[in-house]
Amino acid sequence: MLNQITVFLENKPGRLEEVTRTLADENINLHALSIADTTDFGILRMIASDPDKAVRVLKEKGFMVKTASVIALAMGHSPGSLHKVLRELQTLDISIEYMYAFTSRHSDYDAIVILSLSDQDAAVSKLNGAGFSILGGELLDQLCKS
């Protein structure tokens with residue numbers, strides 16, 4: 001599992017730019033991100049190259065930040081790849097709280113899905129046992145540099 005950073009942003013122009021500028025100024029790379037909005041604020045979820053530093057610098061700039069453990073699952077980019085994962089999770093009666101995906105430049109892992117699940121420990125065990133590749137932060141950093 002790896003640490004995801006969640007930033008709560010006011011719905012006003014420039015707030016997302018402030019986050020990305022803060023991270024860029026500190027040489028922190030973003031591997032993946034997702035933005036959802038509500039009436040009053042946006043929820044920015046991201047996987048960063050140095051999550052501890054990212055949290056620290058964002059808090060120093062006054063952003064409301066929290067972290068959560070998520071699963072990074074590597075898979076091929078072909079029809080049915082995601083379905084196989086979802087079928088495994090369904091057999092365990094594990095709910096997906098949210099997910100987002102991105103592609104990598106690594107030949108073995110074309111697509112990577114970030115998952116927040118109702119029972120992450122059981123999911124990791126089951127998915128590993130079924131031959132799926134769960135990525136840690138260090139491997140994720142390597143894949144994004146390949």
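Between domain 1 and domain 2 there are four residue pairs in polar contact, with both partners at pLDDT 80 or more; a polar contact here is a pair of N or O atoms within 3.5 Å, where within protein one must be able to donate a hydrogen and the other to accept it, and residues adjacent in sequence count only if both atoms are side-chain atoms. The model is a predicted one, so local features need pLDDT of at least 70 and side-chain atom pairs count only at pLDDT 80 or more, while totals for chains, interfaces and linings use all residues. Residues are numbered from 1 along each chain as its sequence is written, and side-chain values use heavy atoms, with hydrogens and water left out.

The two domains span 2–69 and 70–145, with bounds that come from an automatic or database domain assignment. Their centres, taken over C-alpha atoms, sit 22 Å apart. Twelve residues of domain 1 are in contact with 13 of domain 2, contact being heavy atoms within 4.5 Å. About 1000 Å² is buried between the domains, and carbon and sulfur atoms give 60% of that; buried area is the accessible area (1.4 Å probe) that two parts lose on being put together, summed over both. On the domain 1 side, L2, H31 and S69 supply 51% of the area buried against domain 2, more than any other three residues.

As for salt bridges (a side-chain nitrogen of Lys or Arg within 4 Å of a carboxyl oxygen of Asp or Glu), the count between the domains is zero. By this rule the overall count still comes to six.

One of them pairs R15 with E18 at 2.9 Å, N to O. Both lie in helix α1 (residues 15–25), three residues apart, or about one turn; helices are DSSP runs of H or I, at least four residues, numbered from the N terminus. R15 is buried at 12% relative accessibility, whereas E18 is partly exposed at 26%; buried means under 20% relative accessible area, exposed over 50% and partly exposed in between (1.4 Å probe, protein chains only).

Another bridge joins E60 and R56, with the closest N and O atoms 3.5 Å apart. These residues are four apart in helix α2 (residues 51–60), so about one helical turn separates them. E60 is exposed at 57%, and R56 is partly exposed at 43%.

E88 and K126 also form a salt bridge, the closest N and O atoms being 3.6 Å apart. Because E88 lies in helix α3 (residues 81–91) and K126 in helix α4 (residues 120–129), this pair ties together parts 38 residues apart in sequence.

Definitions and conventions: Helix = DSSP H or I, 4+ residues; strand = E, 2+ residues; numbered from the N terminus.
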